[in-house]
Amino acid sequence: MLLLLFVAFCFLGPLVYHTEQVATNLAGADLPPGPGHPLGTDDVGYDELGRLMAGGRTSLEIGVAAALLATVFGTLWGAIAGYVGGFADAVMMRIVDTFLAIPTLFFLLILAAIFTPTVSLLIVVVSFGAWLSPARLVRGETLSLRTREYVQAVRMMGGGGRRAVLRHVLPNAVGTIVVNATFQVADAILLVASLSYLGLGIAPPHADWGNMLAGGADAVQNGYWWLILPPGFAIMLVVVAFNLLGDALRDALEVRLRRR
């Protein structure tokens, strides 16, 4: 319910609450919450409530898209490595280990500094560092599933590896994949917020919750609390909601598997 409320707030809210998010208005900068501006304005006059909606839309789009891209690529990589095994598995997993040895945020900072950040680029950049976890998880599931009778039956009947992976291995690993995807969304939102906070996110006038935090970090010392608390609470609530969703899905899927 919390996630649905945030989706409605970020994607449907701007259709009801229209604000100017392109042209600056320095005469109306740093206004406290009040009539006309329920959450006040920032240092260049943007309405904070409208900016929270626009920034949330960007953060959710990047988080969900990056998680989906990372999950799809990591799932295929791990399934192929686990099913093929042998030398190919060793090489593929050493590639994963190599990237895991590099701190994710440090790697993303390098890429974001080289290229001009856009929504599409941030999706690719964040997913590039996020596919490693699903690859390892799915590879472990595949090593177990490939020894099951129904997978062995496919081989004996002349079925190829592609059919075995797509029709039998991946459907039976869907629980692990789905649960991990929810955590991937939460991690992606935090990564994007971190990049934006460090000045390597979406360029103004476009907004996301991370650059809203960055813009309000200095102003809060002057008592402008409305510039940092709303985006901070929004990030916290969305990340907690995705993590709770992942925990609930994991518990539900584990019960179903035990009953089988």
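**Confidence**

I began with the confidence values: the protein chain has a mean pLDDT of 81, and 89% of its residues reach 70 or more. Here pLDDT is the predictor's confidence in each residue, from 0 to 100. I note that this is a predicted model, in which local features need pLDDT of at least 70 and side-chain atom pairs count only at pLDDT 80 or more, while totals for chains, interfaces and linings use all residues. Residues are numbered from 1 along each chain as its sequence is written, and side-chain values use heavy atoms, with hydrogens and water left out.

I then looked up the elements, where helices (H or I, at least four residues) and strands (E, at least two) are DSSP runs numbered from the N terminus. Helix α1 (residues 2-16) has the highest mean pLDDT, 90, and helix α7 (residues 149-156) the lowest, 66. Where pLDDT is low, the predicted coordinates should not be read in detail.

**Annotated spans**

I consulted the UniProt record, an unreviewed entry, which lists residues 62-84, 177-203 and 223-246 under "transmembrane region". Its positions are given in the numbering used here, feature names are shortened, and annotations may be inferred rather than shown by experiment. In the model, residues 177-203 are 78% helix and 0% strand, with end C-alpha atoms 33 Å apart. Residues 223-246 are 75% helix and 0% strand, and their end C-alpha atoms lie 37 Å apart.

**Salt bridges**

I counted 4 salt bridges, taking a side-chain nitrogen of Lys or Arg within 4 Å of a carboxyl oxygen of Asp or Glu. For accessibility I used buried for under 20% relative accessible area, exposed for over 50% and partly exposed in between (1.4 Å probe, protein chains only).

Asp 42 and Arg 51 form a salt bridge at 3.8 Å, N to O. Asp 42 is buried at 10% relative accessible area, and Arg 51 is buried at 7%.

Arg 139 pairs with Asp 89, their closest N and O atoms being 2.7 Å apart. This pair links distant parts of the chain, from helix α6 (residues 132-145) to helix α3 (residues 86-100), 50 residues apart. Arg 139 is partly exposed at 25%, whereas Asp 89 is buried at 7%.

Arg 136 forms a salt bridge with Asp 97, again with closest N and O atoms 2.7 Å apart. Arg 136 lies in helix α6 and Asp 97 in helix α3, 39 residues apart. Both are partly exposed, Arg 136 at 42% and Asp 97 at 27%. I also recorded a network of salt bridges linking Arg 94, Asp 97 and Arg 136.
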